[in-house]
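Me: I have a model open and want to learn to read it. Can we go feature by feature?

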Amino acid sequence: MQITNSDKAQVLAEALPYIQDYAGKVVVVKYGGNAMVDGALKAAVMSDIVLLSLVGIKIVLVHGGGPEITETLKAIGKESKFIGGLRYTDEETLKVAQMVLAGKTNKDLVNLLEQQGGRAIGLCGIDGRMISAKKIEGEADLGFVGEVTGVDATVLRDALDRGYIPVIATLGCGEDGTVYNINADSAACRIAAELHAENLISMTDVRGLLRNRDDENTLIPEVKVSEVPLLVRQGVIAGGMIPKVECCVEAVRRGVKRAFIIDGRIPHSILIELMTNEGIGTMFLG
């Protein structure tokens, strides 16, 4: 179907109030899932982020890199091990994770943003002691997997004020200098809170929170954080969705205005969520 100039003008007119509302404000995007491995989707995400940056929105991109870590470990003959959905990270795995996350994955994303006309800078949580962390203690030993204890956003604010898009690999550092692998959702949540972000957007491989997990037509478009415990008891929020929702709830409780879970499999899903009347995923608010 041919899109007419009139259609294009209507799209821009609809987006204008949202551009005005978000101008100068911080939006943190947690980037992951299929949108990180599919070339066409990756290009669409990068163009969305550059567009938002060019119209005056301060975008921070937080990423993991699980598939590439797994692929690199396999190439050196090491099997990946997961406990409770988290990667067991021994010393060798940590070295690979640091190399892949802060090296290849991070710099590939910076390069893609630059190719789309953006100004990006690659960072990891170790830079400027941005992400302080400690070892996760639990029933199972996860090795060098950490939880965030604090965020120093000085470097991020400096980069944003100078017009850069910070691209952050989620590694953290303990008081003794020990490096930890950090869950990207958890890191994005704390970074968004520290920056007093307008929005936190978590890209996933599902449409959002579904009333019936087997029926994508049962999307719940809006959830108040006070409703989350009941939805957990009802089994609506279960499995791998629990930690993602918990991060959205924590972000809102720490002062982020809205948190979203959106379907990264849909091209330009970030623009649809932020710049249209309908939106696309599930919004969490206070």
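Predicted model: local features only at pLDDT ≥ 70, side-chain atom pairs only at ≥ 80, totals over all residues.

Me: Which residue of strand 8 stands opposite C124?

Reply: A169 in strand 8 faces C124.

Me: Is strand 5 mostly covered or mostly open?

Reply: First the general idea. In a regular strand, side chains alternate between the two faces of the sheet. Now this case. Strand 5 spans residues 120-124, and four of its five residues are buried, so it is mostly covered, with buried meaning under 20% relative accessible area.

Me: On to helix 4. How far does it reach from its first C-alpha to its last?

Reply: Helix 4 covers residues 91-115, 25 residues in total. Its reach is 35 Å, close to the 36 Å expected at 1.5 Å a residue.

Me: Where does helix 4 bend?

Reply: At V100, by about 35°. V100 is also buried, as are T93, L94, V96, A97, L101, T105, N106, L109, V110 and L113 in helix 4.

Me: What follows helix 4?

Reply: G117, with a positive phi near 100°.

Me: Last, helix packing. At what angle do helix 6 and helix 8 pack?

Reply: Look at the angle and the axis distance together. Helix 6 (residues 184-194) packs on helix 8 (residues 241-253) at about 10°, and their axes are 9 Å apart. Helix 6 is therefore roughly parallel to helix 8.

Me: Which residues meet there?

Reply: From helix 6, D185, S186, C189 and R190. From helix 8, K244, C247, E250 and A251.

Methods: Residues numbered from 1 in each chain as written. Heavy atoms only, no water. Helix = DSSP H or I, 4+ residues; strand = E, 2+ residues; numbered from the N terminus. Expected span 1.5 Å × (residues − 1). Bend = angle between axes of the 7 residues up to and from the residue. Buried < 20%, exposed > 50% of the residue type's maximum accessible area, 1.4 Å probe, protein only. Pairing = 2+ DSSP bridges. Axes fitted to C-alpha atoms, helices over the stretch in contact; angles between N-to-C directions. Parallel < 35°, antiparallel > 145°, perpendicular 65-115°, else oblique. Contact = heavy atoms within 4.5 Å.
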